[in-house]
Amino acid sequence: MTTTGLRSLFSRHDLLSFAVLALLLIVVFPLALDIFRLNLIGKYLTYAFVALGLVLCWGYGGVLSLGQGVFFGIGGYMMAMFLKLEASDPESTSIQSTPGIPDFMDWNQITELPWFWEPFYSFGFTLLAVLVVPTVFAYLIGVAMFKRRVSGVYFAIITQSIALILTILIIGQQGYTGGVNGITDLRTLLGWDIRSDFAKYVFYFICVALLLTCVVIAQFIRRSKFGRILVAMRDAEDRIRFSGYDVANFKVFVFCVGAAFAAIGGAMFTLQVGFMSPSFIGIVPSIEMVIFCAVGGRLSLFGAIYGALLVSWARSIFSESFPELWLFAMGALFIGVVLAFPNGLAGLYDQYARGHVAKALDRWVDQLTRSDSNRTVQGVAHERQ
Amino acid sequence: MLNVSDYRVSYGQSEIVHGLDFTVQPNEIVAVMGRNGMGKSTLMKALMGVIPESGGAATLDGKSIFGKKSHDRVNQGLAYVPQGRMIFSSMTVRENIETGLTSTGRRSVPKDLYDMFPVLLEMRNRRGGNLSGGQQQQLAIARALASNPKVLLLDEPTEGIQPSIIKEIAQTLKEIRDQRGLTIVVTEQVLSFALEVADRILVVEKGKIVHEEARSSVDAEKVASYLSV
Amino acid sequence: QEVNTTGLAVTEDTVKVGILHSVTGTMAISETGSVQAEKLAIEQINASGGVLGRQIEYIQEDGASDWPTFAEKSRKLLRQDNVAAVFGCWTSASRKAVLPVFEQYNGMLYYPTFYEGLEQSPNVIYTGQEATQQILAGIDWVVDAKDAKTFYLLGSDYIWPRTSNKIARKHIDKLGLKVVGEEYYPLGHTQFNSVINKIKLRKPDVIFASVVGGSNVAFYKQLKAAGIDMTEESPLVLTISVTEDEILGIGGENVEGAYASMKYFQSLPNENNQAFVKAFKERWGDDIVIGDVTQAAYLGPWLWKAAVEKAGSFDVDKVREASPGIELTTAPEGYVKIHPNHHLWSKTRIGRAKVDGQYEIVYETDELIEPDPFPEGYQ
Amino acid sequence: MNASNTDFVLAVENLTVSFDGFKAVDDLTLYVDEGEIRVIIGPNGAGKTTVLDLICGRTRSTQGSIRFRNRELTKMSESAIVQSGVGRKFQTPSVYTDLTIFENLEISYPRGRNVFGSLFFKRDETVIRKCEEVAEMILLKDQLHESAGLLSHGQKQWLEIGMLLIQDPELLMLDEPVAGMSVTERQETAKLLRRISENRSVIVIEHDMQFVAEIADKVTVLHQGKILTEGAIDKVKNDPKVIEVYLGH
Amino acid sequence: MFSDYSSAELMSIFAMQGFAGLTLFSVFVLMALGLAIIFGQMGVINMAHGEFMILGAYITYLTSNLFSQWIPDWYGSYFFVAMALAFLAAALLGMLVEWLMIRHLYHRPLDTLLATWGLSLILQQSYRSIFGAREVGVTMPDWMMGSYPITDLVEVPINGLFVMCLSLGITLVVAALMYRSRWGIQVRAVVQNRPMAGAVGINTQKVDRMTFALGCGIAGIAGSAFTMIGSTGPTSGQLYIVDTFLVVVFGGAASLLGTVASAFTISQAQSTMEFFLSGSMAKVLTLLFVVGILMVRPQGLFSLKVRR
Ligand SMILES: Nc1ncnc2c1ncn2[C@@H]1O[C@H](COP(=O)(O)OP(=O)(O)OP(=O)(O)O)[C@@H](O)[C@H]1O
Ligand SMILES: Nc1ncnc2c1ncn2[C@@H]1O[C@H](COP(=O)(O)OP(=O)(O)OP(=O)(O)O)[C@@H](O)[C@H]1O
Ligand SMILES: [Mg+2]
Ligand SMILES: [Mg+2]
């Protein structure tokens, strides 16, 4: 992307936030943390994908999904299926009664790889499926619900039920899915050991790159007219129809985007953590993802990422230091944030720091332009918005 | 009856009503006029305690209402018909009126309210939200009267009401005033209505009173000139 | 002599180990007992002079009933804390989640729960029973002693009940008897009236139950309320999931008369056990109860100590090598020995639940049963 | 349903809607001409708003047809009706309170109305100019970048009219546009309506008879869901039936 | 599927399943009533509802301990005392919670979901710290334990009957409060437009607090009753929360009648399917059924039709 392209997408301030985030993720964390902690950060970042999608769906579009875990899970499962097939080559599964199929299938007397597992021998297919399947699933749910004008809490509860349905099915069909244990013991990706420290570094950076890409996409959506329509829709859903917009289509679209983001997160989760299980699909993780988003600030893309990082990190730290009391701290954190900072961390920032930062930025840009006066400042029209 | 001095109201940082002073005598009907966005509704809402007041004093019947909760003000004898009606749309017409009875302890809707607005009797079991705009406006007035107030605040009560009923409302308001000894503050855009009901007219501009005149001496031209700058 | 060549957290007078269980979340209900048992064992070992003259220090982490958290915490214990061994996990899912971590970093896990088998890792010692040990003897007993002919299999819907019921079904088939129903309910299900009705209709001799968690409580309470009186033994209930811990929640009056097939009951009369129960109560309070898994968890630190001392080193490879054949004559359950497949030889016992929440032991296998995690003919 | 072709912009025929048995609009037939300002008056609850609701698809009719430039509207979705050129202002002003006035206008700009169109919508000079122009017309130019939630009642009315203007519909429907407006603004609105009706048809519902007299080409009086009379303002004003049910003596 | 059974057995099946369905129905109603008030009427998405129920269960446990220790002769009647105490305790906690957090969130209903989720974590951990991580067993008085045999297959559990009567009673009380008393009107007015409700003379703070407390109190009673049929542990509340929301939402949030109808539909669907399918599949199908119906009736079974 050209600099002008970026400039038109981000306000000066957003650009700074983006740079800070990128710096933090690409330089600071890898230098400051050992691979164990960095891998943890990588894991938290996979939740940030979901939170990012929720900012669009919920923060901007007013579509609260309590079932984002479904998409995270599907994305993760498909990646896990590929890795599991690779880990189940006939050689390493020679002690099974049917070598060459995943171990859990063998334990469940399945003697042949089910048809829907077959395509996952292909890495290309898997990558495609990670993106497409959850999106199509979201599309179907979205069309069914939004065209019928299911909205608000009703939609939230329905997505929650879908999460529950899927969990029960996956757990119940253990021969095909690995059941409650999930798909575990994943070792290599295209012959390359994904458990090594080096692989963890690589995945971390891939994860960061994908996340930043998603931020740019989300920012594009947010800054386009589409973004403003979302806000208008959240404000007055009935009214916007009479400005000539078909509300359902817009909702379906953001919901699909949210699902696709979540799916990418899920796939990256599988790669970094090394397994996938139905516990990510259920209700609790889905609600937690909403909380990440809320703590960060449901109206801020960057806030959501920091929210996901902060809450997950706080949980790891609290639970290491006070294994029997950390829930109090987490509960208090959620309540505190909701009560004191309705717009989350981002709201806090907007209230106290944004002004100063903006001023400093202005001064800095002033100096730059003065020293280089033939360069014109572009995108002034956009600064106003 | 209603006494307001140095009354200030702001939304966040921006002050909308800047130190207003006026007194309304018992049994008096005062019309507050002014162009759009000049702070009439803001004044009414603040008097009702729906938005916070930022300074000054307000007393009702000698007792301060400043800073009190809305329902305490209602208990003291204030009632309010908001601009935009704000009826409870998923409750029936009767239930809507009954909410107004809270401070009186009565259980059933007094008959004279229905006499005043016969449509409401006819539609008493329909949901408030399904009424037409004008019907809702009548409902909002009835609901306010149900609490048997001493002072009634009406924010553009004629908005959306058919001409014949506007005339009736003017009539009715004066009747109630006479029967129950009501004091009324009404904001209005329709000059003819204001001139018909009001004993006195206040013109606000940018949150200040810029003109005040008793009806007896007022002529329509002059007020109109204040309203059209 | 060099006792630690691999950089574990061992000093001249201490050695660090990890305890990894859920103390929060839904699994805390079950895992609390294991934590207590492991701590007790460690304290006792320390009091008796430690391991290779070193005091054991434990680092406790909370798995929070969440499988990736288990994986994360196990990685922390092994990589950052360099613990010499970890005692922990309860559900199979949590074990499956940490297993690759233990294999990658060559850690040693002592896993206390009875479980479905189908696994044998060089990095895990399984101190609970695998499914055949627990089930086959139980079924044999109801067939012999109670003349059972028909069975109704019922469980929570996940891997352990399903695998257990599969083994049970095969065994029942082999005996030429009949399964009249098999059914699974989602974890956390609390309404069992319909299945109870079916049971009443099909009149099985035995209800073979592997319901777990909160569902367990609901199931027995509703069974009792529906008029199925287990003290009359028809149908009789044979459970593999209700330990004394669970009875605490179910209420003794609701399971009175049910039979359980396990390797350990708190009421075991032997001396080892009496000492163990006494110590446990002194440490954790008088009204505490001890279930099968708690005892198995208690074995972990002792088995590890024995293996370390036999190997003369904390090195995981050496401990592993030394493990097969390690025996404990002081085990509360009597006598145990580590099989080369890393499971324990153990006896299986049948207890009958009493109203006070304890089991009365009605049967005990004569011989130790060999662990067989990949049972031929039962898969 | 008779689907004969008409020259009328809007042809409403035999329209009926009933709510739980109550007929709010009863067998109504109404034609609106090109370039005409039609005012509908009638007592509260006569069914005026309901008629507009029916035309723009907010309420579904029980019976009858509505044709706009010979396209049947009764089966179309709300957004499709708007896209075909029908604009509507509501009785209680409704604007997007979380957006600025500029954005309110921009959203109403008739381009980029589908998902991808809106994603790749460019805020070019034409759009900006058009928005500023309209803002000027509705006297909100100074507040262009303020949040619409902060406007007073009357200002919201204006903004909503502005949103309609920018939408550039062929048929404009206004439900009590001057309610809550002060005298001056009423006159301004009247002027504005006259100006914009030159190349489109307008339906206005209003109770302010002075205003009605100023703008109306033709007045339709509705009563209990039916047409009471129809004609020029002077005729209607003096109709005893109208005086009886609506104007009062 | 019917051919496996004789006609006499089929009769019993239907009788028994009918009764099982009814029990399930009352359980659902009992779970959902409190939430129908808090969520349906007030719009607060109370994710800690299950924890309020469990508070009732723990209070019942404590009461039963007290009775068996101090006045064992009266043990038979402890349950009624326990229910009253459970109501009080949960209602008081509810008031406190309303005062501390909920009242700041009325204008942001979705945020109540997050805050109450935090609350549920705190409550769970409190229970764990106070009562221990293990489940506690609550002993029923003897008179509640048995069942009436009707035929040799069909037996009616007394505690099932008790739950039925209880839920019937509470439903009637709540219905009377909502639709026959001043209070109901005030609650609905407050929910629809809080500032306006104040302006017609309703003490919105008091109404809010009382309403929330009542909803929580009913949850407490439900929890107390559930000690008869379910578990009492720190996390047991989680077992109920999804079903509870589903029942309330499916009914059409604002309608009490809807809640009852929805509890009936879901319970019948589930108990019928449970008989012919396995438990897990029955659950899945029930959920799908509910989702399907919600698609057709997006506002739930009993939605109010109000002009937009
Ligand atoms: N919530 C709010 N926050 C900030 N400013 C507001 C808010 N509501 C109204 N205002 C501003 O206060 C001023 C006065 O508004 P108010 O509604 O009192 O006007 P009004 O005199 O009643 O006008 P109208 O005749 O149009 O009803 C307006 O300029 C408006 O922009
Ligand atoms: N959804 C509905 N359910 C029941 N009755 C309704 C519904 N919608 C409208 N009505 C009734 O239909 C009648 C016509 O309403 P409408 O809003 O069209 O009146 P109107 O002519 O616009 O009146 P006003 O001048 O007061 O705005 C009213 O009596 C109203 O109560
Ligand atoms: Mg106003
Ligand atoms: Mg109308």
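This is a predicted model: local features need pLDDT of at least 70, side-chain atom pairs count only at pLDDT 80 or more; totals for chains, interfaces and linings use all residues.
Modeller: Two strands are said to pair if DSSP finds at least two bridges between them, and a strand is a DSSP run of at least two residues.

Biologist: Why are strand β14 of chain C and strand β15 of chain C called a pair?

Modeller: Strand β14 (residues 349-353) of chain C and strand β15 (residues 359-364) of chain C are joined by 5 bridges and run antiparallel. The definition asks for at least two bridges, so these strands pair. One of the bridges sets Ile350(C) against Tyr363(C) in β15(C). In this hairpin, 5 residues stand between the strands, and Gly357(C) takes a positive phi near 90°.

Biologist: How do you know that β4 and β5 of chain D pair?

Modeller: Strand β4 (residues 63-68) of chain D and β5(D) share 2 bridges, in the antiparallel sense.

Biologist: What makes β2 and β5 of chain D edge strands?

Modeller: The open sheet has 4 strands in the order β2-β1-β4-β5 (chain D), with antiparallel pairing. Strands β2 (22-32) and β5 (71-72) of chain D each pair on one side only. Helix α1 (residues 48-55) of chain D packs on this sheet and touches β1 (10-19), β2 and β4 of chain D. The direction of this helix makes about 115° with that of β1(D).

Biologist: Is Arg228(A) buried or exposed, and how do you know?

Modeller: Its relative accessibility is 9%. Buried means under 20%, so Arg228(A) counts as buried. Arg228(A) lies in helix α10 (residues 225-235) of chain A. Beyond its neighbours within four places in sequence, Arg228(A) is in contact with residues that include Arg222(A) and Arg223(A), and also Leu99(D), Glu103(D) and Arg123(D).

Biologist: Why is chain E called as compact as a globular protein of its length?

Modeller: The radius of gyration of chain E is 20 Å, close to the 19 Å that the globule rule gives for 308 residues, so the description applies. The C-alpha atoms of chain E fill a box of roughly 65 × 55 × 35 Å along the principal axes. Of the 308 residues of chain E, 64% count as buried. Among contacts in chain E with a separation of 6 or more, 74% join residues 24 or more positions apart. The secondary structure of chain E consists of 11 helices and 2 strands.

Biologist: How do you know that chain A and chain B do not touch?

Modeller: Contact means heavy atoms within 4.5 Å, whereas the nearest C-alpha atoms of chain A and chain B are 14 Å apart, and no touch is found between these chains. Likewise, no contact joins chain C and chain D, whose closest C-alpha atoms lie 38 Å apart. Of the 7 pairs of chains that touch, chains C and E have the most contacts.

Terms used. Residues are numbered from 1 along each chain as its sequence is written. Chains are lettered from A and ligands numbered from 1 in the order in which they are written. Side-chain values use heavy atoms; hydrogens and water are left out. Axes are lines fitted to C-alpha atoms, for helices over the stretch in contact, and angles run from 0 to 180 degrees between N-to-C directions. The radius of gyration is taken over C-alpha atoms; the globule rule is 2.2 Å times the number of residues to the power 0.38. Buried means under 20% relative accessible area, exposed over 50%, partly exposed in between (1.4 Å probe, protein chains only).
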